[in-house]
Amino acid sequence: MSGKPTPMMQQYLALKREAGDALLFYRMGDFFELFFEDARVAAGVLDIALTTRGEHDGEPVPMCGVPVHAAEGYLARLIKGGCRVAIAEQTETPDEAKERARREGTPVSKSLVARDIVRFVTAGTLTEEALLEPRRANLLVAVAPLRDSVGLAACDISTGRMELEECPIAALDAALARLGASELLAPDDWPDAPADIIARPRSDFRSEDGESRLKTIHQIATLDGLGDFSRPMLAAAAGLIAYLEHAGRGTLPFLLPPVARGSGAHLAMDAATRASLEILEAQGGGRAGSLIACIDRCATGAGARQLAEDLSAPLADRAAIEARLASVQHFHSDPLLRADVRGVLRQAPDIGRALGRLVAGRGSPRDLGQIRDGLAEARRVRDMLGASPDLPALLADMCEALGGHAALVDHLARALVPSPPTERSQGGFIAADYDHALDSLRETSGNARKAIAALEARYRDETGTPSLKIKHNKVLGYFIEVPAKHGDKLMAADSGFTHRQTMAGAVRFNSIGLHEEATRIAEAGAHAVAAEEAHFETLVGEVIEAREAIAATAAALARIDVAAALAERAVEGDWARPEMRDEPCLEIVGGRHPVVEAALARSGERFVANDCTLAQANRLWLIGGPNMGGKSTFLRQNALILMLAQAGSYVPANSARVGLADRLFSRVGASDNLARGRSTFMVEMVETAAILSQATERSFVILDEVGRGTSTYDGMALAWAVVEAVHEQLQCRCLFATHYHELSRLAETCDALSLHHVRAREWKGDLVLLHELATGAADRSYGLSVAKLAGVPAPVIKRAKAVLDKLEKGREQTGGLGAGLGDLPLFAVTAQAEEARPDPLREAIEQIDVDALSPREALDTLYALQTTARETDA
């Protein structure tokens, strides 16, 4: 390809310019080919061979390719590898390309099949079953800053669900952590945009465009009937819809009417808290070892996705929580109903995602079959729940959404075969007796073997050639073949046969009768396929017409699945229904960590349950004790119990009274964030700062080992100040674990603080960790005993003991680290004093416009500052 690029390469380069940073899948026959840097990237991600094709600018052109029939598997690996892909398909056949060349007066031999990018495949715009995780939602999120707030638009195009919300800029990180977007869109001119965004033109994020597009999509004159949408929300919606149009090349996917989400409707949790509590993903990555992996008993993928959303966004409204708990209790108290409903749900297909593919124009006959079967199973679930007495309000509402599809189910049942195929190009998915004309065409096509066999027998008799055969291949179609020695007999002018091909040992012929029969068979097959295609489009049209009702049924099935699954988990683990309260309390009897308990059960060990009682007069617990004694587990289990309760689940405890929290904060454990240049201590301080600045009286906070990442004096000073700030300023429920024994002195001045510790005993020189929580301060740290338990060599332990003895003797003589701390005024007093003290020198310096000063004015200003400083000292 040296010199001027070939027409094919010119076409490729033009399409690549349109594709931008996406890998270009360029369709060539039965393969998608990639060239240049795209080929190098794809070959590395997919681990396939990298070859070359000709030259461009004097250099070999790198190339690799994947078969079209297996493209989905390769696309999945590329998307997981962080790539975006543009699909360039052939938009005309070779014959159409030649006809176009004749019309344009260009050489037919050089005609190039037209190609165009038909779709961008990105992490947030997937609909294919093979590319999606069945038990996890796939959210595309757009963020639009507007004045002092941010609008967010979130959409899962595989099911059409769309939500809009607005939050303060300070709460954006927590909102994004809750959503867990596969792709995040933001304006390209936003300097404070989150990391890893897809930058889009600012012009895409106009609120008036968002309003008009939503009206057009849902064919309504006003959005008032859908909800109260603010300007930031509509701006985000505009950016999301513009990106979807870009990805679909002008074709929008399935979008349900948007739902407005209130900013205070859910328990707020930032990214650090979610990572610490391992809600949807374990610390090491992946689902295994996470909370959801421990409690997910859902029978359907849609139910698992709904459960993940519930755990990501626990409710902050008591009535809504009680409604969920009542539905779980209904299944909990009726094991036969629970088993029957779960048995039906296991058979139910994922109709939400099947609907999304059909509406997006990427559906198959199998998707229609899934709609049919899923709606039929929904009717069975409705009948079961309808026969159940005292049905809670939430389940009754779900029952209403399960009905209304009888006519559609009946039509699909009559029209489709029991197990429709995934491909529709070959037909075979419309049931017999649905269309008599189609049955006739199929009979003609299906009788091909019988008709050809009869014709073959007739020709054998007429020619007296027993070895005559009628065969078929892709090049010649149907033909008659006889051995070479019988060829002359059929060559005669009046034989009725036409010579087509002479082989080494055989001669091939055609005949008018064979041609007519072959044409009839081919036409019947083509007409049958065309008839099935027409029926497919009609059936898809009916499904699309009922898309919102079908989506509501899918959502209802998912909600019912979650309630039954949580009841199953509660029975399995002997969990209790929490009592929800408005006042800030947390009274847990026999609380357990669900993930740790499950892990211990697998190894045959028993989890030691503990109580937790936090109230207004006893809202801050200071917990000491040895490492590995269970402090971190105790902190996390109480946070998880509160979170599960507000998500509408039973909890792992004998009983629980849970006061609603507005925010949940967890600073438990940390690791270096080298990618952002942050040490363990820096990460700890950033997370602690977020808690101190954002927590309210209604929040629940767990803090573990604050200050351990720096020197002993600095660490204890910080821990002391943080405990005081939580007690005096935040006044929220808090569990604070520490190794600093000196902090126990705070119990003397902080009325709502109580001391606790995890119990341990030494037995015959060995440390026995009891994992029990007791009242009072820890008597010692047991650090050397834990080190011995961990396998630190005996000489090191012996030397450490000698050093410890020396240090403790010095502490007795000097008063130790905590000497004089009891004389300090309370945090609130010192904070007020510092705020009240003016600093005129600082104020004067801050008012100076340095760039505007002349040399003389600068000298005069310096004299004035010196005078101010002397007056301040005086």
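## Basis of the description

Residues are numbered from 1 along each chain as its sequence is written, and side-chain values use heavy atoms, with hydrogens and water left out. Because the model is predicted, local features need pLDDT of at least 70 and side-chain atom pairs count only at pLDDT 80 or more, while totals for chains, interfaces and linings use all residues.

## Helices α12 and α14

Helix α12 (residues 335-347) and helix α14 (residues 365-386) have axes that come within 9 Å and cross at roughly 170°; helices (H or I, at least four residues) and strands (E, at least two) are DSSP runs numbered from the N terminus. Axes are lines fitted to C-alpha atoms, for helices over the stretch in contact, and angles run from 0 to 180 degrees between N-to-C directions. The two helices α12 and α14 are therefore roughly antiparallel to each other, a term used for angles over 145 degrees.

On the α12 side, the contact (heavy atoms within 4.5 Å) is made by Leu337, Asp340, Val341, Val344, Leu345 and Gln347, and on the α14 side by Glu377, Arg380, Val381, Met384 and Leu385.

## Nonpolar cores

The largest nonpolar core has 101 residues, of which Leu311, Phe331, Ile371, Phe700 and Leu735 touch the most other members. Such a core is a set of buried Ala, Val, Leu, Ile, Met, Phe, Trp, Tyr and Cys residues joined through side-chain atoms within 4.5 Å. Helix α21 (residues 547-573) gives the largest share of this core, 13 residues.

Leaving aside neighbours within four places in sequence, Phe331 is in contact with residues including Leu337, Val341, Leu385, Ile560 and Ala564. Another core, of 24 residues, lies apart from the largest one, and among its members are Phe665, Ile691, Ala719 and Val723.

## Glu481 in strand β14

Glu481 has its place in strand β14 (residues 477-483) and is buried, with a relative accessible area of 13%; buried means under 20% relative accessible area and exposed over 50%, with a 1.4 Å probe and protein chains only. The side chain of Glu481 is joined to that of Lys471 by a polar contact of 2.9 Å, and a polar contact of 2.9 Å also joins the side chains of Glu481 and Arg508. A polar contact is a pair of N or O atoms within 3.5 Å, where within protein one must be able to donate a hydrogen and the other to accept it, and residues adjacent in sequence count only if both atoms are side-chain atoms.

## Two loop residues

Asp433, in the loop between α16 (406-415) and α17 (436-446), has a positive phi of about 75° although it is not a glycine, and Asp433 is exposed, with a relative accessible area of 61%. Asp574, in the loop between α21 and β17 (579-581), has a positive phi of about 55° and is exposed, with a relative accessible area of 57%.

Methods:
Angles under 35 degrees count as roughly parallel, over 145 as roughly antiparallel, 65 to 115 as roughly perpendicular and the rest as oblique.
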